[in-house]
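This report was prepared in reply to a request for a description of selected local features of a protein model.

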Amino acid sequence: MTVGKSNVLFDYSLSFDSNFAEKMRAVVSGENIQEIERKRVIEILMLKAYNPRVQFDLMPFLIENVRLSRDNPQNIRPFNTLIAFRMLDYLIWERFRESPGTFVFSKPAETLRSELLEDAKAFMQKLYSNGFIAQQEVKSIFNHALLLRFATLWHLDSKPDYKLIMRELFIYSVKKLGAIPLTELQLIWRGMTSSPVAPFFGPVTGKSRDMLKAIRGMAWDLVLLRLLEQAATATQNGSFFIPYFVTNDCRWRELLQLSPVKMMVIDDREHRVQVARQNEKEFRAIFIECLEGELRSCMTPEMIEKRRLAAKNLQPDALRALIAQEEALWATP
């Protein structure tokens, strides 16, 4: 279990959503922002100032935002944020502990930015064609289609039938999406059966005016949740990371609180993780019930393995076609 070691070392990684990463960039760059937001950024930086085992992981932010500058070279927000975080590697943390909010670097700030510029540009160029980032973008499209289908099913009847909706989502996952996203389906089940419906799914169940736009954002929220699970499988010199996510978005916090993780079994060699959530037993019973009938024949070991491979090779064009079909149902006559 511990690869011959008497103990397992743990480090802590903090990753950030777009909004908080932008606030961090503004503070490091010396820009004026609201005092309450500045204090939140300083509070996070102090965690690292007092504990060198705390790591900052910028990849979740970049995964979500690299497409902005790839699709529009004039958008340099991800690039500037990357440089700001790289500057923290040169921050004199002892001075920062003594005077929180005082940024003293090993070199003048402007000199440091200039020296980091070329490497940052090269790094961003690599990210534009990074396969892992492309994979996460496709997962977002996958989630987008799933959430749109959930919205359609929810509003078919004035009094939604939870089990029928879940069964239809399983059928849609198997026959249209080509893979069963158990984590996302479990969160949907927990969210819609909560009383009242969990706020994270409010834009869907309430059929808000901006529902289609909100669903695109929710799809990325689910990707970031999965990235936390993946971060937990990363090891370095026999140590594991405990990942934390920093955000001011109350809906994302509600998503985490919706179905807390109670146990994780990590295979660090294959980089796979099995997660058990608070309502795992209840959901597994629903899962088995939903498999009765036409889905039973789709659960042979061969077909399960086929879907597992399909989940690793999602086809974006086919998924976009499904999104177009679902969104067409909401088009104003």
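The paragraphs below describe a predicted model.

Helix H1 spans residues 18-28 and is mostly covered, with 9 of its 11 residues buried. Those buried positions are Ser 18, Phe 20, Ala 21, Lys 23, Met 24, Arg 25, Ala 26, Val 27 and Val 28. Gly 30 follows H1 and has a positive phi, near 80°.

Helix H8 covers residues 162-177, and its buried members are Ile 165, Met 166, Leu 169, Phe 170, Ile 171, Tyr 172, Ser 173, Val 174 and Leu 177. The cover over the buried residues of H8 includes the helices H7 (131-154), H9 (182-193), H13 (280-290), H14 (301-312) and H15 (316-328). At the N-terminal end, H8 is capped by Asp 161, which places a side-chain oxygen 3.2 Å from the backbone nitrogen of Lys 163. After H8 comes Gly 178, again a residue with positive phi, in this case near 85°. As background to these glycines, most residues other than glycine have a negative phi, and most peptide bonds are trans.

**A cis peptide bond**

The peptide bond that runs from Ser 195 to Pro 196 is cis, and its omega is near -5°. Pro 196 belongs to the loop that joins H9 to helix H10 (202-205).

**The largest pocket**

The largest pocket holds about 1400 Å³ of space. Its lining comprises 34 residues, of which Ile 180, Arg 226, Val 273, Arg 308 and Ala 311 are the closest to the centre. Two or more lining residues come from each of H7, H9, helix H11 (211-231), strand E6 (272-277), H13 and H14. By class, the lining of the largest pocket consists of 14 nonpolar, 8 polar and 12 charged residues.

Thr 247 lies in the loop between strand E4 (239-246) and helix H12 (250-258). Is Thr 247 buried or exposed? Thr 247 counts as buried, because its relative accessibility of 10% falls under the 20% limit. Its side chain reaches the backbone nitrogen of Asp 249 at 2.9 Å. When neighbours within four places in sequence are left aside, the contacts of Thr 247 are Asp 17, Trp 252 and Arg 253.

**Arg 320**

Arg 320 is part of helix H15. With a relative accessibility of 44%, Arg 320 is partly exposed, since this value lies between the limits of 20% and 50%. The side chain of Arg 320 forms a polar contact with the side chain of Asp 317 at 3.3 Å. The C-alpha atoms of Arg 320 and Asp 210 are 19 Å apart in space, and the two residues are 110 places apart in sequence.

**Cysteines and accessibility**

The model contains 0 disulfides. A disulfide is a covalent bond between the sulfur atoms of two cysteines. Two cysteines, Cys 250 and Cys 290, are listed below with the two residues discussed above, Thr 247 and Arg 320.

| Residue | Relative accessibility | Class |
|---|---|---|
| Cys 250 | 42% | Cys 250 partly exposed |
| Cys 290 | 4% | Cys 290 buried |
| Thr 247 | 10% | Thr 247 buried |
| Arg 320 | 44% | Arg 320 partly exposed |

Cys 290 is classed as buried because its relative accessible area is 4%, whereas Cys 250 is classed as partly exposed because its relative accessibility is 42%.

Key:
Residues are numbered from 1 along each chain as its sequence is written. This is a predicted model: local features need pLDDT of at least 70, side-chain atom pairs count only at pLDDT 80 or more; totals for chains, interfaces and linings use all residues. Side-chain values use heavy atoms; hydrogens and water are left out. A disulfide is a pair of cysteine sulfur atoms within 2.5 Å. Buried means under 20% relative accessible area, exposed over 50%, partly exposed in between (1.4 Å probe, protein chains only). Helices (H or I, at least four residues) and strands (E, at least two) are DSSP runs, numbered from the N terminus. Contact means heavy atoms within 4.5 Å. A polar contact is a pair of N or O atoms within 3.5 Å; within protein, one must be able to donate a hydrogen and the other to accept it, and residues adjacent in sequence count only if both atoms are side-chain atoms. On a 1 Å grid over the protein atoms alone, a cavity is a set of points where a 1.4 Å probe fits but cannot get out, and a pocket is an open set with protein on both sides within 12 Å along at least five of seven lines; lining residues have an atom within 4 Å of a point. Grid points are joined across faces, edges and corners, and a volume is the space filled by probe spheres set on the points. Ala, Val, Leu, Ile, Met, Phe, Trp, Tyr, Cys and Pro count as nonpolar, Asp, Glu, Lys and Arg as charged, and the others, Gly among them, as polar.
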